[in-house]
Amino acid sequence: MKPSRRSFITRVAVAGAGLPMLNSCASFARKGYAPNKTAPADGIVNHASIGVGGMMGFNDVSSFTRDEKLNLVAVAEVDDRQLAKVKERCPNVRVYKDWRVMLEKEHMNLHSINVCTPDHMHAAIAVTAMNLGLAVYGQKPMAQTLYETRRMAEIAKERGLVTQMGTQLTSSTYERLAVKMIQDGVIGKVKEVFIFSDKTWGDPDPIPEGSDPVPAEFDWDLWCGIAPKPPYLKGYYHPYNWRKRLDYGTGTLGDMGCHIYSPMFAAMSLKAPISVKSIGGVPNKTNWAVDEKFEYVFPGNAYTAGDTIKVTWTDGSLLPPQEFIDLFGEKMPKQGGIFVGTEGILLAPHAGLPVPYPREKFAQYRYPKLKARNHYGDFIAAVRGEDVKPLADFHEYGGPLTETVLLGALSSRFPNKELKWDAKKLRFTNCDEANAFVKRTYRKGWEVEGLS
């Protein structure tokens, strides 16, 4: 009798809880990344994509398939209307609607997957794949909850798997320049950091009443997955506005935080904050807020001017202090970071060249030359067994970065309260109500061992 989808992911999770794994996965071990599958003799990585719609979904497919050393074997997509461009690019790719069916049928043919679904499905898919010994490239944020993020990082480390979070700019020359400039002490020790985005992935209005017919090409149940399944509303969740919804997205901070916080994490090794406080917009019962503002406090280190360092996030119409807007003038970007140092200020625009201020002081500064990196190519090379370390792996980088982002989003539910964070124990020490949001309950039938 053919196993149900639920029994498949449960069997995979149980098998992945300790080695050896399922008999069918026993040969996955390879030097350096056990139990990752051994790449074939011809060096071609067999890959599958889960979630291929929208800008990021197709961008991931396009970026992976540009590499001649990768073969896109299969894709899983809940909306048939999103498949046309993928089929045109890869006419021989096998197509599935249910990612669980795809992994059950294809996992023995695969070496890696990438996940580009709404945030709420990241962890369930990635953990199931990792328990099958597959390398995982997962879009940001790594997961929707702190617990899921921590488990993904732990599993990746325990199994020695190649992983990479989809913060593509982490590998860009611009971001790595900002990192090197801070670490080289160009602006001295860092006293304070301001991170900002003009995006508005929130919604102050209540959920509309009623429902709409589900399109025939779209599987609403599969899209909801581990999360609640409310009445379908055209355009309210799918394909884009899920970022605004508490059950499916992580708001503006979740969308852009992993990108824009990344230079700070790489440069200053600020892995976990001591506390976080929300002093901006507040979510309603179903939606994330707009105009958010969060104040983090991190422990200081060799790169900071004090024993602690304050990092402030603003989004929407909220901006960094006016003194910086006046200083940068027309160069003030819509998104980016401002590093205030003892010897100067570094403006690090999102996807732009970092610039030290005041300009007169740094007129003779010359940027160092950096070797180019490719975020997707590094992942593929590592899966092939090459001596390449992805810059945004789950355990050392992507996990801690995502946890910081999710802490801010969670704190918005408790406005004006400084939440004290114990990263080691994955809990708040002064707010039991907040601890209730560290982990979520999965919808019945979608439980994943070790996550739900």
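Predicted model: local features only at pLDDT ≥ 70, side-chain atom pairs only at ≥ 80, totals over all residues.
By class, 17 nonpolar, 14 polar and seven charged residues make up the lining of the largest pocket. The volume of the largest pocket is about 780 Å³. Its lining counts 38 residues, and the closest to the centre are Gly53, Met56, Cys116, Trp242 and Arg243. Four helices each supply at least two lining residues: helix 2 (54-65), helix 5 (122-131), helix 8 (220-224) and helix 9 (251-260). Helix 2 provides the largest share, five residues.

The second largest pocket holds about 290 Å³ of space. Around it are 16 lining residues, and those nearest its centre are Gln144, Thr145, Leu246, Arg413 and Phe437. Eight of the lining residues of this second pocket are nonpolar, three are polar and five are charged. Helix 13 (residues 394-411) gives the most to this lining, with three residues.

## Helix 5

Helix 5 supplies at least two residues of the lining of the largest pocket. This helix is mostly covered, with ten of its ten residues buried. The buried residues of helix 5 are His122, Ala123, Ala124, Ile125, Ala126, Val127, Thr128, Ala129, Met130 and Asn131. After helix 5 comes Gly133, which has a positive phi, near 85°.

A residue counts as buried when its relative accessible area is under 20%. Val45, His47 and Ser49 point one way from strand 1, while Asn46, Ala48 and Ile50 point the other way; all of them are buried.

Which strands are joined to strand 1 by bridges? One is strand 2 (residues 70-76), which runs parallel to strand 1 and is joined to it by six bridges. Asn46 has Asn71 in strand 2 as its bridge partner. Between these two strands the chain passes through helix 2, and this β-α-β crossover is right-handed. Strand 4 (residues 112-115) also runs parallel to strand 1, with four bridges joining the two. Here the bridge partner of His47 is Ser112 in strand 4.

Nine strands form an open sheet with mixed pairing, in the order 13-12-11-7-10-9-8-14-15. Which strands stand at the edges? They are strand 13 (355-357) and strand 15 (427-428); each has a single partner strand, so one side of each is left without a neighbour in the sheet.

Trp421 has Phe428 in strand 15 as its bridge partner.

## Cysteines

A disulfide is a covalent bond between the sulfur atoms of two cysteines. How many disulfides does a search of the whole structure find? The search finds zero. Cys90 is in no disulfide, and the nearest cysteine sulfur, that of Cys116, is 15 Å away. Cys116 is also among the residues closest to the centre of the largest pocket.

Is Cys90 buried or exposed? Its relative accessibility is 13%, so Cys90 counts as buried. Cys431 is buried as well, with a relative accessible area of 5%.

Definitions and conventions: Residues numbered from 1 in each chain as written. Heavy atoms only, no water. 1 Å grid on protein atoms, 1.4 Å probe; cavity = no way out; pocket = protein on both sides within 12 Å on 5 of 7 lines; lining within 4 Å. Points joined across faces, edges and corners; volume = space filled by probe spheres on them. Nonpolar A, V, L, I, M, F, W, Y, C, P; charged D, E, K, R; others polar. Buried < 20%, exposed > 50% of the residue type's maximum accessible area, 1.4 Å probe, protein only. Pairing = 2+ DSSP bridges. Right-handed = clockwise from strand over helix to strand, strands pointing away. Disulfide = S-S within 2.5 Å.
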